[in-house]
Amino acid sequence: MTPTGRRGLAIIGGGKIGEALLSGLVRRGGPDGILVCERSPERAAQLAERYGVPAVDLADAAARARVLLLAVKPQDIGTLLDRLADVVDEGHLVVSVAAGVTTRRIEDALPEGTPVVRVMPNTPALVDEGMSVLSAGAHAGEEHLDEAEALLAAVGQVRRVPEDQQDAVTALSGSGPAYFFYLVEAMVDAGILLGLPRALAADLIVQTALGSAVMMRESGEHPVQLREAVTSPGGTTIAAVRELERHGVRAALIAAIEAAHARSVELGRTKGTGTS
Ligand SMILES: NC(=O)C1=CN([C@@H]2O[C@H](COP(=O)(O)OP(=O)(O)OC[C@H]3O[C@@H](n4cnc5c(N)ncnc54)[C@H](OP(=O)(O)O)[C@@H]3O)[C@@H](O)[C@H]2O)C=CC1
Ligand SMILES: O=C(O)[C@@H]1CCC=N1
């Protein structure tokens, strides 16, 4: 097929984030023009059935789709790029969501001039509340960023940053949902300790998390102001906040996010042996 005969998008790698993006895109725009390319035949069949999209091999994906969205682990990207080098041409836009992997590395593996956009999405794309952050490679212009943004805007908010901020973005919003789930898990445990039924504790905490998130987004107030409004003099909240400070929770979060950043940088240096 000629480059001009192509349309739509192929998601290459149908794992956790590949499925989150696939499900959101299908929900928003329908399955038309979306392909999935997944290494495991069982998983490919599952996704094809669940979302009504064709499961294709890599050559077919490249022949039919204009945008190739790479959603494999950074440890697998080297092998995938070796295979893509033979089937990518000037008519493609390559979008990678692989943590740590630079546009330079992808460009070096593909035909000269291939436009590449690096994106860090997150799993709340599943519920149209994703946060996706884009950076252009050396051969990607505004039109390529616009094209990638149009895709990702269907499943949440989009920002653009210089690529040297992507490892920090990965540590914050890419991995970020896991930190919130971890906090919720711990708070539900506290409810159990205090004798509440698990289901009730979970309902209380999930709704409290949601309400707090909406307040942060919509009130325009700083989180400190919002926290102070909950903290009555001589009351319960200050007793809890003192324990959070005593246990170094703020420092732990900063250290955790710093570790995620370091790992993103390290993954960018991985050569793709599939073993790291
Ligand atoms: N999970 C998340 O929240 C986020 C992940 N990312 C990035 O997305 C990428 C994928 O992460 P995640 O979804 O968690 O990982 P998963 O392991 O869940 O998904 C990767 C999928 O790609 C498949 N795969 C590997 N190589 C190929 C290939 N050559 N062709 C087709 N399919 C292939 C894997 O198959 P197999 O199972 O056989 O290995 C697997 O199903 C990573 O680079 C990660 O950094 C970015 C933002 C958020
Ligand atoms: O844990 C990871 O490596 C991926 C990247 C960001 C979120 N998940």
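I started at the domain boundary: five residues of domain 1 are in contact with five residues of domain 2. Contact here is a C-beta to C-beta distance within 7 Å, with the C-beta atoms placed from the backbone. By class, I get two nonpolar, three polar and no charged residues on the side of domain 1 that touches domain 2. The classes go like this: Ala, Val, Leu, Ile, Met, Phe, Trp, Tyr, Cys and Pro are nonpolar, Asp, Glu, Lys and Arg are charged, and the others, Gly among them, are polar.

Bookkeeping before I go on. This is a predicted model, where local features need pLDDT of at least 70 and side-chain atom pairs count only at pLDDT 80 or more, while totals for chains, interfaces and linings use all residues. Residues are numbered from 1 along each chain as its sequence is written, and chains are lettered from A and ligands numbered from 1 in the order in which they are written.

**Overall layout**

I noted the split as domain 1 (3-166) and domain 2 (176-266), with bounds from an automatic or database domain assignment. Their C-alpha centres are 33 Å apart. Along the principal axes, the C-alpha atoms of the protein fill a box of roughly 70 × 40 × 35 Å. I find twelve helices and seven strands; these are DSSP runs numbered from the N terminus, helices being H or I of at least four residues and strands E of at least two. Of the contacts with a separation of 6 or more, 67% join residues 24 or more positions apart.

Burial next: 34% of the 276 residues are buried. The cut-offs count other C-beta atoms (placed from the backbone) within 10 Å of a residue's own: 20 or more is buried, 12 or fewer exposed, and in between partly exposed.

**UniProt features**

I checked the record too; its positions use the numbering here, feature names are shortened, and annotations may be inferred rather than shown by experiment. The unreviewed UniProt entry puts "domain: Pyrroline-5-carboxylate reductase catalytic N-terminal" at residues 9-100. I get 47% helix and 17% strand for that span, with its end C-alpha atoms 23 Å apart. The unreviewed entry also places "domain: Pyrroline-5-carboxylate reductase dimerisation" at residues 163-267. That stretch is 82% helix and 0% strand, and its end C-alpha atoms are 15 Å apart.

**Strand 3**

I then walked along strand 3 (residues 67-70): Val67 and Leu69 point one way, Leu68 and Leu70 the other, and all are buried. Strand 3 pairs in the parallel sense with strand 1 (residues 9-12) over four bridges, pairing meaning at least two DSSP bridges between two strands. Ile12 sits opposite Leu70. Strand 4 (residues 93-96) also pairs with strand 3 in the parallel sense over four bridges, and Val67 has Leu93 as its bridge partner there.

**Ligand shells**

Around ligand 1 I list 26 residues, the closest being Gly13, Gly15, Arg39, Ala98 and Ala99; a residue is near if its C-beta atom, placed from the backbone, lies within 6 Å. Helix 1 (16-29) and helix 4 (74-84) each give two or more residues to this shell. It divides into twelve nonpolar, eight polar and six charged residues.

Arg39 counts as partly exposed because it has 16 C-beta neighbours inside 10 Å. Its C-alpha atom is 9.7 Å from that of Val72, 33 residues away along the chain.

Around ligand 2 I find Ala99, Thr170, Gly174 and Ser175. That shell is one nonpolar, three polar and no charged.

Terms used
Two residues are in contact if their C-beta atoms, placed from the backbone, lie within 7 Å.
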